[in-house]
Each structure stands twice: as structure tokens, then as C-alpha cells.
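Please read it alongside the model.

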Amino acid sequence: MKNLKTAVIGVGHLGRFHAQKYANVSDLQGIYDANPDRAAEVARELGCRAFASIPELLASVEAISIATPTSTHHEVAEEALRAGVHCLVEKPFTLDIPEADALIALAQERQLVLAVGHIKRVHPAIRYLRQAGYGAPRYLEAERLAPFKARSLDIDVIMDLMIHDLDLTLLLTGAEPVDVRAVGVAAVTDKADMANAWITLSNGTVANLAASRVVREPARRLRIFWQDRYASVDFIQNTLHIYHRGEGAVPGIPGVRDEAVNLAKTDALAAEIEDFLGAVLRQSPVFCDGMAGRRVLAAALQVRKAVDGFLSR
């Protein structure tokens with residue numbers, strides 16, 4: 001991995017962190033940003049090159065992260081793939097399905113890794129639950145609430161925050177949405193800043209997802225229910241509890257055992273980038289490929305359509 005030549009296109013808030021991780025695990029060639037002053041600042045921090053153009057950067061590397069505004073993902077990733085460069089594209093994958101399909105086809109044609117940055121997939125709680133063999137859950141509920149920040153305002157709260165839990169819902173169920181009902185409110189921006197979605201999936205699982213980017217206190221929780229147990233994940237506290245029915249005794253709830261799973265403290269972005277580079281080296285499958293990114297984008301667009309219908313009443 002240390003010999004892989006890497007770079008980051010777009011070094012705003014999140015892209016800067018990508019560049020830091022690449023500097024630790026690979027041969028970071030440099031960065032590019034549309035704002036030359038920002039590019040120079042990050043390049044100085046990391047002791048790397050600030051490229052003057054994207055073509056110049058692509059001629060020097062093997063793998064990149066794309067952390068530019070969503071509206072530019074397709075254009076930048078297409079240019080990179082045509083240059084023979086493996087791509088990790090931050091979420092949301094693209095603006096629409098035709099853009100996603102074009103990138104997937106191009107990556108397949110060029111035999112290049114195309115990954116999408118759904119970072120919650122690499123969280124130790126999610127990895128534990130996927131390996132536990134519990135099967136598809138009956139019901140999921142999630143809340144992803146954040147204070148207002150003046151970034152990622154080119155997209156709504158569905159694409160900004162809820163998309164994480166949409167991805168986990170599809171990942172943990174292995175199913176597709178068949179009925180989507182949602183409401184939302186444009187509280188601060190001209191897009192939905194709060195949304196709640198009720199989704200029925202093809203295997204009968206139901207998911208209730210809430211997201212907001214205008215609350216005072218952040219919360220990132222996921223609860224997953226099976227026939228005989230349920231799991232509670234707190235992403236902020238990095239905790240996972242599994243409550244098993246038919247044995248033990250949780251105070252006030254007879255016949256239920258609380259299993260507290262010991263989760264390692266991990267750097268999720270570093271793990272995501274290492275997984276991506278491992279796929280580039282053909283050491284492991286990509287953690288979230290273009291098709292997976294397309295599926296969650298399609299689900300997010302369904303939620304947005306339902307929210308838009310609510311807002312237009």
C-alpha cells in the first residue's frame with residue numbers, strides 16, 4: 001500500500017481528512033482543489049504537491065478520492081476513470097441514476113475499482129452484526145441528527161445524512177424498497193433539512209428513518225429488531241448492545257439478556273481508505289462498489305420524491 005501513488009481531488013472539510021489518511025498509508029502525490037489558496041494550505045500541512053489541474057494530477061497517480069461537490073462527481077470520476085485511475089467517490093455517489101450507470105459501465109470497461117464512500121459500512125458494530133448470522137431483520141429504526149453546519153448545502157438532508165442509514169438498511173436486509181412514504185421540512189435552507197421516511201422492503205422488513213441537520217444535540221443511533229433479539233447501536237458512543245429474548249433478566253424486563261459487545265476504537269475513514277486501497281491491490285473486495293452506491297442513491301431519490309410531494313401540498 002505504501003507504494004501506491006494516491007491523491008485527493010477536493011480538499012474541503014472532508015477531503016482534507018482523506019488526504020491526511022492517504023499520507024499515512026500510501027505514497028500521497030498531492031491534492032487538487034478549485035480554490036488554489038485552500039489547495040496550497042493543505043499541501044503545506046501535508047508536505048505534498050498542490051497540482052495546478054486535474055489532468056496533471058491524474059497523470060501522476062494510481063488511485064484517488066473525489067471529495068468535490070456532488071454535482072461534479074460524475075464529471076471528475078469520468079475523467080479519472082478514462083485516465084486509468086481507481087476512484088473512491090464520496091457519498092452521495094452522483095446526482096442521478098444515469099450518471100451512476102455511466103460511471104459503473106466505464107469502470108467495468110476499464111477494469112478499475114470504483115468505490116463509494118458509505119463509511120458506516122466499516123463501523124465495527126456493523127461489521128459485527130453482518131458476521132453474526134442473525135438473518136434479515138423484521139424492523140429497523142434510525143435517527144441521525146446533527147447541528148446546523150454551513151457545508152454540504154448543495155444537497156438536502158436525505159442525501160447528506162439519511163443516506164447513511166438507507167445504505168445500512170439495504171446492506172443489512174439484502175432487499176430493495178417497494179413502498180416509500182416520507183415527510184420533510186425546509187427549516188433553514190431551501191431544501192429539506194429534516195425528514196422522516198417509512199420504508200417497506202421487498203423481504204417484508206420495515207424501516208423508520210429520521211434525519212435532521214438543524215438540532216442542538218447530535219444523535220446517531222440505529223436499532224435493529226429480529227424475531228428473538230434486537231441490537232442497539234450508538235455511533236457517537238461507539239457502543240453495541242444485543243438484547244436476547246428467552247434468557248437472563250434485564251431489570252424490569254424478565255427473560256431478556258443484555259449482551260454488551262466490546263467494540264474496538266477505530267478510525268473509520270482510515271479503515272475505509274485502507275479497504276479501498278486493498279481492493280486496488282486485489283487483496284480484498286471493495287467495501288462499497290458502484291452498484292451498491294447506485295442502489296442507495298436510487299432509494300434516496302425515492303425518499304426525496306416522497307418528501308417533495310409532501311412539501312408541494
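One cavity of 30 Å³ or more turns up in a search of the whole structure. This is a predicted model: local features need pLDDT of at least 70, side-chain atom pairs count only at pLDDT 80 or more, and totals for chains, interfaces and linings use all residues. Residues are numbered from 1 along each chain as its sequence is written, and side-chain values use heavy atoms, with hydrogens and water left out.

A cavity is a set of points on a 1 Å grid over the protein atoms alone where a 1.4 Å probe fits but cannot get out. A pocket is an open set with protein on both sides within 12 Å along at least five of seven lines. Lining residues have an atom within 4 Å of a point. Grid points are joined across faces, edges and corners, and a volume is the space filled by probe spheres set on the points.

The largest cavity has a volume of about 40 Å³. Its lining consists of L166, T169, L170, P177, V180, I199, L201, A299 and V303. Two or more lining residues come from each of α7 (157-173), β8 (177-185), β9 (194-201) and α9. Helices (H or I, at least four residues) and strands (E, at least two) are DSSP runs, numbered from the N terminus. The top contributor is α7, with three residues.

The second largest pocket has a volume of about 230 Å³. Of its 15 lining residues, L112, V113, L114, V286 and D289 are the closest to its centre. Both α5 and α9 give two or more residues to this lining. The largest share, three residues, is from α5.

The axes of α5 (residues 97-110) and α9 (residues 290-311) come within 10 Å and cross at roughly 175°. Axes are lines fitted to C-alpha atoms, for helices over the stretch in contact, and angles run from 0 to 180 degrees between N-to-C directions. Therefore α5 is roughly antiparallel to α9 (angles over 145 degrees). I97, A100, D101 and I104 of α5 touch G290, M291, R294, L297, A298 and L301 of α9 (contact means heavy atoms within 4.5 Å).

The table sets out residue classes. Ala, Val, Leu, Ile, Met, Phe, Trp, Tyr, Cys and Pro count as nonpolar, Asp, Glu, Lys and Arg as charged, and the others, Gly among them, as polar.

| Site | Residues by class |
|---|---|
| Largest cavity, lining | eight nonpolar, one polar, no charged residues |
| Second largest pocket, lining | nine nonpolar, four polar, two charged residues |
| Contact of α5 with α9 | seven nonpolar, one polar, two charged residues |

A cis peptide bond joins K91 and P92, with omega about -10°. P92 sits in the loop between β5 (86-90) and α5. Q111 has a positive phi of about 55° although it is not a glycine. Q111 belongs to the loop between α5 and β6 (114-117).

The structure holds five aromatic pairs (rings of Phe, Tyr and Trp, its six-membered ring, with centres within 6.5 Å). One of them, Y134 with W226, is edge-to-face, at 5.0 Å centre to centre and 70° between the planes (edge-to-face means planes over 60 degrees apart). Y134 lies in the loop between α6 (124-131) and β7 (139-145) and W226 in the loop between β11 (219-225) and β12 (229-234), so the pair ties together parts 92 residues apart in sequence.

Definitions and conventions:
Angles under 35 degrees count as roughly parallel, over 145 as roughly antiparallel, 65 to 115 as roughly perpendicular and the rest as oblique. Rings of Phe, Tyr and Trp (its six-membered ring) pair if their centres lie within 6.5 Å; planes under 30 degrees apart count as stacked, over 60 as edge-to-face and the rest as tilted.
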